[in-house]
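Dear colleague,

Please read them with the structure open beside you.

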Amino acid sequence: MFPIMPGQSNSLAGVLGDLRTNHYHGGLDIRTQQREGLSVHAAAEGYVYRVAVQGTGYGNVIYLRHPNGLTTVYGHLQKFGGKLGDYVREQQYQKQSFAIDLYPEPGQFTYKKGEVMALSGNTGGSGGPHLHFEIRDSQNNYLNPLFFGFREIRDNTAPAFLNLALRPMTIESRVNGRFNRQTYKPVRQSNGSYRIPQTIRATGEVGLELQAYDFMTGTGFRYGLHCIEVKLDGKEIFVYNMEKFPSLSTRDYNNLIDYRTEQESGARFYKLYNPDGNIFEIFKTDNYQGKLQIRDTLVHEVSIKVFDSFENSSQLLFTVRGETSGEEVPTATTETSPQVLLSDVQENILKVTAQGYRSPEPFANYFTERRRVQEDPAYYENGSPVFLTDLRTYLPDSVQVGGRVAPLSYKASIPPARPFTYKSDRWTIKFDTTSLFDTLHLAIRQNLNTLTINEPEIPLRYYIDVTYRPEGPVMNKERTNVYRYNRGGYSFVGGTWQDDRLTFSTRELGTFILQTDTTPPSVKLVEHSKKQIRAYISDGMSGIDSFRAMVNGEWVLMNYEYKSRYIWSEKLDDSQPFEGELVLEVKDKAGNSTILRTDIAEPVVRKAPTRKRRR
């Protein structure tokens, strides 16, 4: 049974497989008329396997297990109903914790199909009122709820293509004569299909990447695709099928999209090939893992067909001509120094562009600890030579072209799927079996208290542990932590000091810097009456870590809505008034705390002034 307004027409704000930050969306986001408090019905008979309260994520959530082995999940709830709500609140008071994760005895809380379990809400990481609804199998795989025959949802609108990118995958590959990822805009035809007007020139092994969305009748939302099929000259080479995926591997999503483009612009492209390190079984590919093989000078037809869960579909057609020629080599009789050396890494290939460099015999010198390697230009781009190096053959720490030298800072190649520790006198970085998707060519740079590990556009599967010794003075270690700097902002990472070294864990690469936070959190008390305690709490730097309220020495449950920074009390016994002294303590992640002490007082009710009527 549909869990919101069963039997009535409804619509969705999200479906299984939507592309979200760091994960595929795991179910349906069912709209609730832009309000909270709608009845949430049990989709089938079952018992509460798990119930949790989270400040972020699913917020208030119920996991209902069914006799057939399936589990349904109901997230972002406003409140739990009846005995289940009493049980959760009692456990919160017993454990003296707002956030709680409970596994009741099987059969302790049972529901019949259609029975009301809770009210819909906006708790946790939701972006507005709705019900997050999932169906999982006995192996904890997310299943597509739209395949369970819910008549409340109807759709006859086809998906749409936005952009297509082609990416060279090997050092010999080119797109339009260059080792560049290049993007094209599909044009919708009068018959509803899409085409790329021009023929694309390419050679070697080339990967396709697609930005496309589904749309649903009657809404303005964008949704993820259910199925993608790619054919080369009529032969199927790649199929993506979002019917199910494992709930414990959601971060693998970062390996299945173009993570760099997502980090740089926010645009999310599906990889239409099976990348190294993928463990998801959502692809069916040919012997080349879905990558185009352009090994001749013929014209090849490529078709991409996309489907939604209702079998609405759209098709994109384009042609690729096998061609190796690039720019002509410019002639030069004298040598000029490069204006700048630009370096970039794609997969295992280092690309160095010497902008403005002219020489009768151009070459680049790559330096390692033991040797110098000389490379000729691979091709020219806007008249400037481009040098390509396979980092699997050697790791340079610098490159010289003409009179200009650029540091590269490569230290080691870290293999995936096994423990590895890189150690020097300044840094120690530990990788475990889950840290990497693929080989990481580790590059490290340090400037006083700032440490840069590769670039933020390279995804990690899971955490790495980093230890380093800052070079600048640190006056207050107790309040000094690591922050990650990205896109002009800082996010708290943390860290543990041991003598003059700091250890922290991260699952993002990029630039890390020390920051000292000595400012305590802000607490604005709104109400502290016999009936209710309400306040707004915030911290401008490290962020809120914990909060605790005591009345007359007794712990009081404070609910927390992090999006609005709002906390409010919930009594264990509504008939008992708050009396005596209120102590509210709020701590930030740097260890600063604010303690507010005041007596419980009735709010002052001010009467509106009366106006005399004129006769």
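A salt bridge here is a side-chain nitrogen of Lys or Arg within 4 Å of a carboxyl oxygen of Asp or Glu. The model is a predicted one, in which local features need pLDDT of at least 70 and side-chain atom pairs count only at pLDDT 80 or more, whereas totals for chains, interfaces and linings use all residues. Residues are numbered from 1 along each chain as its sequence is written, and side-chain values use heavy atoms, with hydrogens and water left out.

Searching the whole structure gives 25 salt bridges. One of them joins Arg136 and Glu134, with N to O at 2.8 Å, and both of these residues are buried (under 20% relative accessible area, with exposed meaning over 50% and partly exposed in between, for a 1.4 Å probe and protein chains only).

Another salt bridge pairs Arg178 with Glu327, whose closest N and O atoms are 3.3 Å apart. This pair links distant parts of the chain, 149 residues apart, since Arg178 sits in the loop between strands E15 and E16 and Glu327 in the loop between strands E27 and E28 (strands, E, are DSSP runs of at least two residues, and helices, H or I, of at least four, numbered from the N terminus). Arg178 is partly exposed at 23%, as is Glu327 at 32%.

Arg260 and Asp344 also meet in a salt bridge, at 2.5 Å from N to O. Arg260 lies in helix H3 and Asp344 in strand E28, so the pair ties together parts 84 residues apart in sequence.

Finally, a network of salt bridges links Arg167, Arg181, Glu209 and Asp258.
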